[in-house]
Amino acid sequence: MDAIDIIKRRLKEDRVPETPDEISRKKKRPREVAFMDVNLCFPCGKCPEFCPVQCIEHLAPGSVPGRGMQPVQNRFQECIGCYICVEVCALLTDYDAVRMYDSRLVEEALGVKITDTPPPEPIPALPYEEYFSEGGEYRHLGKGSRIREKMNAEERAIFARERVRG
């Protein structure tokens, strides 16, 4: 068993949608959507790799001043709320830069409507630093890993080995 298998199993136990084996599309309005704290994100590329709907992308050059390689951000209008990016970031990288936010809060904060289908054309991701990063208006309301506290010693050892391998 490897780390991603543990994440899949634990997510299934929490009744979170199972990770699809292929890239899919959003089919219903999620209760929560993901946002990355662009100040904590070290763009390792893990969360985009595991996103089942491929809605995580590197920000455009210069989006976060002073950063060479730009951090990643979720195109939240396409997010399915599966928590996979949260767990991958917290458990495979230790950056813990991703949080889930109630869709109603996001709609109110950003003045948008989150629907049950993705937009016809992807809306490029933005930093949303003033809202969802450390010190931002809503960072404290985001939910992080739901798996970390439930892991046993054997699972912790597997994650430690995989983090070392990088």
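**Close-up views of the predicted model**

**View 1. Residues of the largest nonpolar core.** The largest nonpolar core comprises 43 residues, among which Ile-7, Phe-35, Cys-85, Val-106, Phe-132 and Phe-159 touch the most other members. At least two residues of this core come from each of the following elements: helix 1 (3–13), strand 1 (32–36), helix 3 (84–93), strand 4 (98–102), helix 4 (103–110), helix 5 (129–132) and helix 6 (153–165). The greatest contribution is that of helix 3, with eight residues. In soluble globular proteins, nonpolar side chains tend to be buried together. The structure shown in this and the following views is a predicted model.

**View 2. Surroundings of Phe-159.** Phe-159 is one of the core members that touch the most other members. When residues up to four places away in sequence are not counted, Phe-159 touches Ala-3, Ile-6, Ile-7, Leu-91, Leu-92 and Met-151. Of these partners, Ile-7 is likewise listed among the core members with the most contacts to other members.

**View 3. The salt bridge between Asp-37 and Arg-139.** The closest N and O atoms of Asp-37 and Arg-139 are 3.8 Å apart, and the two residues form a salt bridge. Asp-37 lies in the loop between strand 1 and helix 2 (46–50), whereas Arg-139 lies in the loop between helix 5 and helix 6, so the pair ties together parts that are 102 residues apart in sequence. Both partners, Asp-37 and Arg-139, are buried; for Arg-139 the relative accessible area is 7%. Arg-139 also meets the side chain of Glu-134 in a salt bridge, with an N to O distance of 3.3 Å.

View 4. A salt bridge joins the side chains of Glu-78 and Arg-75, at 2.6 Å from N to O. Glu-78 counts as buried because its relative accessibility is 11%, which falls under the 20% limit. Arg-75 is also buried, with a relative accessible area of 11%. Elsewhere, Arg-29, Glu-107 and Lys-113 are linked in a network of salt bridges. The model has nine salt bridges in total.

**View 5. Ser-103 in helix 4.** Ser-103 is located in helix 4 and counts as buried, at 0% relative accessibility. A polar atom of the Ser-103 side chain lies 2.7 Å from the backbone oxygen of Pro-30. Leaving aside residues up to four places away in sequence, Ser-103 touches Arg-29, Pro-30, Arg-31, Glu-32, Val-33 and Ile-114. Of these, Arg-29 belongs to the salt-bridge network with Glu-107 and Lys-113.

Conventions. Residues numbered from 1 in each chain as written. Predicted model: local features only at pLDDT ≥ 70, side-chain atom pairs only at ≥ 80, totals over all residues. Heavy atoms only, no water. Core = buried A, V, L, I, M, F, W, Y, C linked by side-chain atoms within 4.5 Å. Buried < 20%, exposed > 50% of the residue type's maximum accessible area, 1.4 Å probe, protein only. Helix = DSSP H or I, 4+ residues; strand = E, 2+ residues; numbered from the N terminus. Contact = heavy atoms within 4.5 Å. Salt bridge = Lys/Arg side-chain N within 4 Å of Asp/Glu carboxyl O. Polar contact = N/O pair within 3.5 Å; in protein donor to acceptor, adjacent residues only side chain to side chain.
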